[in-house]
Amino acid sequence: MAKASTVRDALSKWEEKTGEKANEAKAVKLYGQVPPIEKMDASLSTLSSCEKLSLSTNCIEKITNLNGLKNLKILSLGRNNIKVLTGLEAVGDTLEELWISYNLIEKLKGVQSMKNLKVLYMSNNLVKEWVEFVRLADLPSLVELVFVGNPLEEKHTAEGNWMEEASKKLPKLKKLDGTTLIKEEVDEGEAET
């Protein structure tokens, strides 16, 4: 069996293919490497100009080595083997979008470090408890969430109350699972009648 690609190897292949320098590039695409990347190694820290990093469709288990990515706004880690959201603290002030669907995430501990996260795509993970879901309320900027395919969503969709319950728990959301949420404003005077 072929050994895993390292981020360093993937970066040099990417530079060859694109003719760009990884340390100057705004968008770096290392998705679907053959053989797949298993570790986010220290060579990621050279991507100081990177605003969008794609590492989806690999075999990454842990989010690590993001400390050099001072300008990172979009991180794509879908279709990997990630179990926890720790390791994002280093990009907590800049990250605006996290695409992490099709992973093995059950717990959302660590999510609160992402103060500017606006968009979270985390469909098809393993979150099954409201106690984990409500951790998303700690994200002050979150306006769009895709959560479809998690056991929690599937259970409550079957019961017919997913949208209502989820939007109650995350009142700042504007879009949930691709649906725009319309909040009813209650007029003070009318509430009395």
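I started with Glu153, which sits in helix α3, residues 151–158. I keep in mind that this is a predicted model.

Is Glu153 buried or exposed? I find Glu153 buried, yet without a salt bridge. Setting aside residues up to four places away in sequence, I see Glu153 touching Phe147, Val148, Trp162 and Asp177. Two of these names, Phe147 and Trp162, come back below among the rings.

**The core**

I then turned to the largest nonpolar core, which has 51 residues. Which of its members touch the most others? My list reads Leu53, Leu88, Leu98, Ile100, Phe133, Leu136 and Leu145. Among the helices, I noted that α1 (7–18), α2 (130–133) and α4 (162–169) each supply at least two residues of this core. I also noted that α1 gives the most, with four residues. As background, nonpolar side chains in soluble globular proteins tend to be buried together.

Leaving out neighbours within four places in sequence, I find Leu145 in contact with Leu120, Met122, Phe133, Leu136, Leu170, Leu173, Lys175, Leu176 and Asp177. Asp177 is also on the contact list I made for Glu153.

**The rings**

How many aromatic pairs does the whole structure hold? My search gave six. One of them joins Phe133 and Phe147 edge-to-face, with 5.0 Å centre to centre and 80° between the planes. Phe133 belongs to helix α2 and Phe147 to the loop between β6 (144–146) and α3, so this pair ties together parts 14 residues apart in sequence. I checked burial too: Phe133 is buried at 0% relative accessibility, and Phe147 is buried with a relative accessible area of 0%.

Phe147 also pairs with Trp162: the ring centres are 5.7 Å apart and the planes at 15°, so I log this pair as stacked. Trp162 lies in helix α4, so here the loop between β6 and α3 is tied to a part 15 residues away in sequence. Trp162 counts as buried at 4% relative accessibility. I wrote down Trp130, Phe133, Phe147 and Trp162 as one aromatic cluster.

**Charges over rings**

Last, I looked for charges over rings. The charged end of Lys169 sits over the ring of Trp130, 4.5 Å from its centre. I found the charged end of Arg79 over the ring of Tyr102, 3.9 Å from its centre.

Key. Residues numbered from 1 in each chain as written. Predicted model: local features only at pLDDT ≥ 70, side-chain atom pairs only at ≥ 80, totals over all residues. Heavy atoms only, no water. Buried < 20%, exposed > 50% of the residue type's maximum accessible area, 1.4 Å probe, protein only. Lys, Arg positive; Asp, Glu negative; His and termini not counted. Salt bridge = Lys/Arg side-chain N within 4 Å of Asp/Glu carboxyl O. Contact = heavy atoms within 4.5 Å. Core = buried A, V, L, I, M, F, W, Y, C linked by side-chain atoms within 4.5 Å. Phe/Tyr/Trp six-rings, centres within 6.5 Å; stacked < 30°, edge-to-face > 60°. Lys NZ or Arg CZ within 6 Å of the ring centre and 35° of its normal.
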